[in-house]
Amino acid sequence: MDSKDLIQILKSEPLKFTYDEIEQMMDEELEKDPAEMDTDFIDLCANVLNQAIEANKENESNNKSNNKKHIKIRILKIAAIAAILVITIGIAVPVAAKYVDNDTSDKIVQFYEDHFSINLKDGETDADKHSDKNIDLISKLNKSGFDHIILPNALLADDYTYDVDVMEDENFITALVDFQNTVDKSVISVTITKHKNGIETVLNNDKQVTSEYDSAKQLNINGIDVLIFGNKTNSSILYVDNDTEYDIALNNYNFDSAIEIAESIE
């Protein structure tokens with residue numbers, strides 16, 4: 001008898017099984033690989049047991065010593081099952097089904113079925129202060145036509161070396177900066193784009209972010225809205241300051257690491 005048949009019996013004749021039998025069937029299903037679990041069956045078993053717990057609570061005073069232990073075990077089990085169901089669904093359902101952790105303003109970031117969409121027209125895009133012009137990289141960028149630069153201090157520390165390439169045309173000045181971590185040799189690529197003819201058109205148009213990211217966070221740091229997107233292995237940081245936009249790609253940096261780097265934009 002498969003889980004679909006058992007679901008029908010549990011729905012129509014739940015008393016056909018003892019509660020111990022239901023609990024055992026549920027345990028057997030939970031032992032399966034997450035991709036093979038029948039979460040509907042597990043959920044139904046938990047509901048039947050939960051109803052039994054509620055019924056037993058009413059009679060607990062009459063048979064307190066016998067029932068208390070079993071009730072406690074089943075309450076803990078059902079709580080654990082709820083967590084397992086969330087984890088299982090998270091494994092089985094891709095980002096396209098909206099299994100995301102999105103801690104952002106819906107005025108700025110929207111999550112659709114397969115991507116994040118960013119619109120900064122209602123965001124804060126005027127930094128209170130900028131990176132020290134005496135820093136070698138900042139000085140080079142200033143001389144290349146960037147009036148003000150604001151980068152995470154974490155990247156300007158001695159832990160990173162850098163290579164920079166600046167390009168210019170009639171509309172943009174673009175700097176490509178690769179920061180390499182001196183310890184693990186990981187690379188963070190930063191694209192800095194200064195819009196010569198105003199940035200309003202960029203702020204009023206959606207910028208799409210890949211569906212590979214399952215987490216998003218918005219921070220207000222140094223007077224600007226900073227957006228972080230990531231997962232367990234890769235992340236990105238996006239922000240705008242006046243007429244300049246920043247796109248920081250962090251390969252092999254998880255979401256939490258990206259947040260730490262973003263928090264050093266001050």
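1. Serine 189 pairs by a bridge with alanine 249 of β11. The strands concerned are β6 (residues 187-195) and β11 (residues 244-251), which run antiparallel and are joined by 7 bridges. Strands here are DSSP runs of E of at least two residues, and helices are runs of H or I of at least four, both numbered from the N terminus; two strands count as paired if DSSP finds at least two bridges between them.

2. On provenance, this is a predicted model, in which local features need pLDDT of at least 70 and side-chain atom pairs count only at pLDDT 80 or more, while totals for chains, interfaces and linings use all residues. Residues are numbered from 1 along each chain as its sequence is written, and side-chain values use heavy atoms, with hydrogens and water left out.

3. The open sheet has 8 strands in the order β1-β8-β9-β10-β11-β6-β5-β4, with mixed pairing. β1 (101-103) and β4 (160-168) are the edge strands; each has a single partner strand, so one side of each lacks a neighbour in the sheet. On average, neighbouring strands are turned by 15 degrees against each other, direction ignored.

4. Helix α7 (residues 255-262) lies across β4, β6, β8 (215-221), β9 (224-230), β10 (234-241) and β11, and runs at about 160 degrees to β9. Axes are lines fitted to C-alpha atoms, for helices over the stretch in contact, with angles from 0 to 180 degrees between N-to-C directions.

5. A nonpolar core is a set of buried Ala, Val, Leu, Ile, Met, Phe, Trp, Tyr and Cys residues joined through side-chain atoms within 4.5 Å. The largest has 35 residues, of which Leu151, Ile188, Ile192 and Tyr239 touch the most other members. Its largest share, 5 residues, comes from α7. Another core, of 15 residues, lies apart from it and includes Ile108, Phe111, Ile118 and Val209.

6. Aspartate 101 lies in strand β1. Its relative accessibility is 45%, so aspartate 101 counts as partly exposed; buried means under 20% relative accessible area, exposed over 50%, and partly exposed in between (1.4 Å probe, protein chains only). Leaving out residues up to four places away in sequence, aspartate 101 touches Asp214, Ser215 and Ala216. The C-alpha atoms of aspartate 101 and aspartate 214 are separated by 6.3 Å, although the two residues are 113 residues apart along the chain.

Notes:
Contact means heavy atoms within 4.5 Å.
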